[in-house]
Amino acid sequence: MTSDATSLGNTADPRELRRSDFPEIQRMTTRWADNDMYGHLNNAVYYELFDAVLNAWLIRETGTDEVSTPTLGVVAESSCRFYAELAYPEPIDVGVRVERIGTKSVTFAFGLFAQGSDDIAAHGLWAQVYIDREQRHSVPIPADVRAVIERAHAAQ
């Protein structure tokens, strides 16, 4: 798809997604401070997990130095739906998939899974726009990033 629209919501029913629908999965360790007073992960932690896993994957696959790269992927829109509680001290598997690829933006979907479960506990969407570091205006997705996301999209 070549549209640059950033509106989220392509996945028809995210509750139908399983671990196998995400070509990239990383295990994340939860921390004591991640739980809130209700005994489960605070909602802000989910976004931290999305950010950490997405950037680790892209850095690993492209070799990009995020401190000096001339282009930045910035979040233009995000959402998260919660289906089951996750809590410390259990590790969480975070899956990443590509929902839409545009000229200057990409929409990623995230699935959070309790260890050993194929049932999605949370589903996130993240529209990322690429910008020039200095001028701060939108630019095409860098070729190395595009290759990674196109490869992931084809693997879904």
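Is Arg136 buried or exposed? Arg136 turns out to be exposed, with a relative accessible area of 53%; exposed here means over 50%, buried under 20% and partly exposed in between, using a 1.4 Å probe and protein chains only.

## What you're looking at

This is a predicted model, so local features need pLDDT of at least 70 and side-chain atom pairs count only at pLDDT 80 or more, while totals for chains, interfaces and linings use all residues. Numbering starts from 1 along each chain as its sequence is written, and side-chain values use heavy atoms, with hydrogens and water left out.

## The overall layout

The C-alpha trace spans about 45 × 30 × 25 Å along its principal axes.

Buried residues account for 43% of the 156 residues. Of the contacts (heavy atoms within 4.5 Å) between residues at least 6 apart in sequence, 75% link residues at least 24 apart.

In soluble globular proteins, nonpolar side chains tend to be buried together. Here, the largest nonpolar core has 31 residues, and Leu58, Phe108, Phe110, Leu112 and Ile149 have the most contacts inside it. Helix H1 (43-62), S3, strand S4 (105-114), S5 and H2 each bring at least two residues to this core, with H1 giving the most, 8 residues. Such a core is a set of buried Ala, Val, Leu, Ile, Met, Phe, Trp, Tyr and Cys residues joined through side-chain atoms within 4.5 Å.

What does Ile149 touch? Leaving aside residues up to four places away in sequence, Ile149 touches Leu58, Val98, Ile101, Val106, Phe108 and Ile141.

## Two loops to look at

Back to Arg136: this residue is found in the loop between strand S5 (122-132) and helix H2 (143-154). Arg136 has a positive phi of about 65 degrees, although it isn't a glycine.

Another loop runs between strand S2 (71-82) and strand S3 (92-101), and Pro89 lies there. The peptide bond from Tyr88 to Pro89 is cis, with omega near 15 degrees.

Note on methods: Helix = DSSP H or I, 4+ residues; strand = E, 2+ residues; numbered from the N terminus.
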